[in-house]
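Let's take a walk through this one, with the model open beside the text.

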Amino acid sequence: MINSQDMEENKERPIIFFEHADIYNSGNLVISDLNMSINKGEFVYIIGKVGSGKTTIIRAMIGDAEIKGGKAMVGEFDLTKLRNRQIPYLRRKLGVIFQDFQLLMDRTVEENLSFVLRATGWKDRRTVSERILKVLTAVGMENKSHKMPHQLSGGEQQRIAIARALLNNPEIILADEPTGNLDGDTAGDIMALLMKINARENGPAVIMVTHNRSLFQKYPARTFLCEKLSCTEVPEESEFQLDLSEFI
C-alpha cells in the first residue's frame with residue numbers, strides 16, 4: 001500500500017529530470033552534462049543558436065536521441081533504459097507541436113484528430129467526436145472541423161496542431177519553434193494560447209524551443225541556453241537581461 005509520504009513525494013517529483021546526462025545525435029555528442037528539472041505545470045524556454053542542440057533535447061524527451069550516463073526521466077519513463085516497445089507509450093503521455101504543423105493534408109481537421117485518437121486506442125465513435133470538439137473549442141477552432149488544412153491560414157493550422165497535442169490530455173507539451181513560420185501578430189496569438197493552456201488548472205508543463213525575441217520578452221519564464229555542447233539555466237536576477245539576438 002502507498003502511504004501518504006510516498007504520495008506526497010510522487011506529487012513533488014519533477015515531471016522532467018536530467019542529471020549529468022550526455023545526449024548524442026547519430027553518434028555525435030550534442031549536449032554534455034545536462035542538468036534540468038521541470039515540475040508539473042511549469043513553462044520553460046530552451047534557446048540557442050542553430051545547431052546548438054535545442055531540438056536534440058526535445059528529441060531526447062520523446063525517446064528519439066541516445067542518452068549516455070547520468071539520469072534522464074520523463075514522467076515515469078527512464079530514458080537511459082528505454083526500450084523500443086516503450087516509446088509509443090512514452091509519446092502518448094506527451095503533446096508535441098512542430099514548426100511546420102505536420103498535418104495530414106489529404107484529410108479534414110476532424111479526420112486528422114480522429115486518426116490520432118484511434119491510433120492511441122480510442123474506439124468509441126461518440127467519445128472520439130466529443131473529445132475532438134472539446135480540444136477544438138479549447139483552441140477556438142470548433143467551427144473548422146470540416147475544413148481541409150490547405151483551406152486554413154498558418155495560424156489556424158498551428159491551432160489545429162495544438163488541439164492535436166491536447167487530445168490525450170498530456171502532462172507535458174513539447175513545442176519546437178511553434179511560431180517559426182508565422183507572422184508577428186499570429187505568433188503572439190499562438191503564444192497567448194499556449195500560455196492560457198499552461199495556466200489553466202492542472203494545465204500541462206510546456207517546454208518551448210524558440211528564437212522569437214519579442215515573445216520571450218513579453219512572456220518571461222524559466223530559460224535554458226544551449227551553447228558549446230552545454231545547456232544551462234539562465235539566472236533569474238532582475239539585473240540580468242538576456243539579449244536573444246546573440247543566439248539567433
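Which residues are buried in α6? Keep in mind as you look that this is a predicted model. The buried set is G155, Q157, Q158, I160, A161, I162, A163, R164, A165 and L166. That's 10 of the helix's 13 residues, so α6 counts as mostly covered by the under 20% cut-off for relative accessible area. As for what does the covering, look for β7 (94-98), α4 (109-119), α5 (125-138), β8 (172-176) and α7 (184-199), which are among the elements packed over those buried residues. The helix itself runs over residues 154-166 and reaches 19 Å from its first C-alpha to its last, close to the 18 Å expected at 1.5 Å a residue.

After the helix comes G63, and its phi is positive, near 80 degrees.

Last stop: R222, in strand β10 (residues 222-227). Is R222 buried or exposed? It counts as buried, because its relative accessibility is 16%, under the 20% cut-off. Leaving aside residues up to four places away in sequence, R222 touches S37, I38, E42, F43, V44 and Y45, along with E233 and E236.

Definitions and conventions: Residues are numbered from 1 along each chain as its sequence is written. This is a predicted model: local features need pLDDT of at least 70, side-chain atom pairs count only at pLDDT 80 or more; totals for chains, interfaces and linings use all residues. Side-chain values use heavy atoms; hydrogens and water are left out. Helices (H or I, at least four residues) and strands (E, at least two) are DSSP runs, numbered from the N terminus. Buried means under 20% relative accessible area, exposed over 50%, partly exposed in between (1.4 Å probe, protein chains only). Contact means heavy atoms within 4.5 Å. The expected span of a helix is 1.5 Å times one less than its number of residues.
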